[in-house]
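These are my notebook entries on one structure, kept in the order in which I looked things up. I began with the whole chain and then turned to single elements and residues.

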Amino acid sequence: MPLQGEYAELLPGWQRDQVEQIMAAGDTRAVDLNGMSVVIVTVRGAKSGLLRRVPLMRVEHDGAYAAVASRGGAPSNPAWYHSIKANPEVMVQDGTETRDYVAREISGAERDEWWERCVEAFPPYAEYAVKAAESSGRTIPVFVCEPVAD
């Protein structure tokens, strides 16, 4: 089930810089955000069908990863949120390892448990949650990406 297809052009800005550094090194440890680790989640565009590499904070637990659609606390979800909703098959690169995963949006107690892990891994998420709620009433979506059996 590996994602195959054409990759979209990288968008300008810090995300492009991170992805380019990671791809050149072949290792997500080539970059960090204030000393905190990132992973690359590859998604298929909901409209374009093109593959996109998205750098996200590394939140891992028992082989599963969280994908936090924070967008820095903006009033709307990032574009990749809609892509994962439409196409839940993703790839996650952590370090030099890349595997296939299936993402599912979580809620309730499961989200609460994962949210604690997310804030522990990247404390600014707590601030982003307040900002999103105050600006639009938005609760930041969290996906759990679970490995596909080999």
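Entry on contacts. I note here that the model is a predicted one.

Entry on overall dimensions. For 150 residues, a compact globule would have a radius of gyration near 15 Å, and because the protein has 15 Å, I record that the value agrees with that expectation. Taken along the principal axes, the C-alpha atoms fill a box of roughly 40 × 30 × 30 Å.

Entry on surface and charge. I find 42% of the 150 residues counted as buried, while the protein exposes about 8000 Å², of which carbon and sulfur atoms supply 48%. I also looked up the charges: there are 15 positive and 22 negative ones, and their mean positions are 6 Å apart.

Entry on secondary structure. I count 4 helices and 7 strands, and reading along the sequence I write the pattern as α-β-β-β-β-α-β-β-α-α-β.

Entry on strand S1. Which strands does S1 pair with, and in what direction do they run? I find that 7 bridges join S1 to strand S2 (residues 51-57), the two running antiparallel, and that 3 bridges join S1 to strand S5 (residues 89-94), again with an antiparallel course. S1 and S2 form a hairpin with 6 residues between them, and in the turn Gly49 has a positive phi of about 75 degrees. As for cover, 6 of the 7 residues of S1 are buried.

Entry on backbone angles. Most residues other than glycine have a negative phi, so I looked for exceptions. Asn34 has a positive phi of about 55 degrees although it is not a glycine, and I place Asn34 in the loop between helix H1 (14-25) and strand S1 (38-44). Asp62 is likewise not a glycine and has a positive phi of about 50 degrees; Asp62 is found in the loop between strand S3 (60-61) and strand S4 (64-68).

Last entry. Are these two residues, Asn34 and Asp62, buried or exposed? Since exposed means over 50% relative accessible area, Asn34 counts as exposed because its relative accessibility is 70%, and Asp62 is exposed because its relative accessible area is 71%.

Terms used
Residues numbered from 1 in each chain as written. Predicted model: local features only at pLDDT ≥ 70, side-chain atom pairs only at ≥ 80, totals over all residues. Heavy atoms only, no water. Buried < 20%, exposed > 50% of the residue type's maximum accessible area, 1.4 Å probe, protein only. Pairing = 2+ DSSP bridges. Rg over C-alpha atoms; globule rule 2.2 N^0.38 Å. Areas by Shrake-Rupley, 256 points an atom, 1.4 Å probe, with all protein chains shown as cover. Lys, Arg positive; Asp, Glu negative; His and termini not counted. Charge placed at Lys NZ, Arg CZ, Asp CG, Glu CD.
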